[in-house]
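Have a look at it first, then read on.

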Amino acid sequence: MARNTLTTTAVTLIAAATLLLTACGSGGDTEGVSGPPSRTADMNRPDVSLPKDLKLVFDFEKPSDADSAAALNDAANYIRALNHGITEQDAKDPAYGFYSAAGAARYAESQIQEYVDGGWTLTGEDRYYQAGTSPTDEGESIVVTFCEDQSQAYGKEVKTGKVHRTEESPASYQKFSLLMAPQEGSSVWHAQQITVEGKSDACRS
């Protein structure tokens with residue numbers, strides 16, 4: 001769905017968040033390379049599991065650089081967390097707050113709130129692909145980019161369970177750019193800022 005057009009059409013889903021495999025073991029999340037690393041320091045990571053009828057597919061190649069791999073992984077977790085908030089119908093869901101701050105946290109909250117206010121949730125399959133990472137001139141920050149194909153993800157009415165299926169269109173494709181920053185004393189990377197380009201021609205090729 002196009003999250004930012006949900007108020008006009010019950011479309012297929014963002015946000016992540018497939019980012020994405022399953023940081024906490026969701027059966028509705030897959031990834032093309034491997035799941036999130038199991039690290040003792042990550043034992044307190046929040047639940048970002050999703051209902052069985054919503055699958056996030058992350059067709060990502062793992063970067064060889066450790067920092068880039070960690071930034072990409074938690075960018076996916078941010079997307080997962082955003083979708084977790086939508087399916088839980090909770091705009092204050094702590095999961096997205098664990099993986100974001102500043103503008104990215106505000107974006108997640110606003111997207112979830114739109115679904116809650118409209119009485120919508122998500123179903124189907126949401127695919128993320130063409131991931132890339134690049135360092136910035138600002139300390140250790142890394143910019144993570146990826147595409148989303150939401151043509152097989154649909155809006156579902158919370159009260160009735162009715163699914164509103166839509167046809168594939170240019171609006172099905174979006175490109176994300178997230179500024180990721182490492183957290184001191186932690187293995188977690190936060191999404192600081194997010195930019196979403198709708199109807200992305202680059203993601204349709």
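## The hairpin

Let's start at a turn: Gly-139 has a positive phi near 60° in the hairpin of S3 and S4, where six residues lie between the strands. Strands here are DSSP runs of E with at least two residues, numbered from the N terminus.

For strands to count as paired, DSSP has to find at least two bridges between them. Across this pairing, Tyr-129 sits opposite Cys-147 in S4.

## The other neighbor of S3

S3 (residues 120-135) also pairs with S2 (residues 54-59), this time in the parallel sense, over six bridges. Here Lys-55 faces Glu-125 in S3.

## The disulfide

Back to Cys-147: it forms a disulfide with Cys-203, with the sulfur atoms 2.0 Å apart. The cut-off for calling a disulfide is two cysteine sulfur atoms within 2.5 Å. The link ties together distant parts of the chain, 56 residues apart: Cys-147 belongs to strand S4 (residues 142-157), while Cys-203 is in the segment after strand S7 (189-198). A search of the whole structure turns up one disulfide.

The S-S torsion of Cys-147 and Cys-203 is about -80°, so this disulfide is left-handed. Cys-147 and Cys-203 are both buried, meaning under 20% relative accessible area with a 1.4 Å probe, protein chains only (exposed is over 50%, partly exposed in between).

## About the model

This is a predicted model, where local features need pLDDT of at least 70, side-chain atom pairs count only at pLDDT 80 or more, and totals for chains, interfaces and linings use all residues. Residues are numbered from 1 along each chain as its sequence is written, and side-chain values use heavy atoms, leaving out hydrogens and water.

Conventions. Helices (H or I, at least four residues) and strands (E, at least two) are DSSP runs, numbered from the N terminus.
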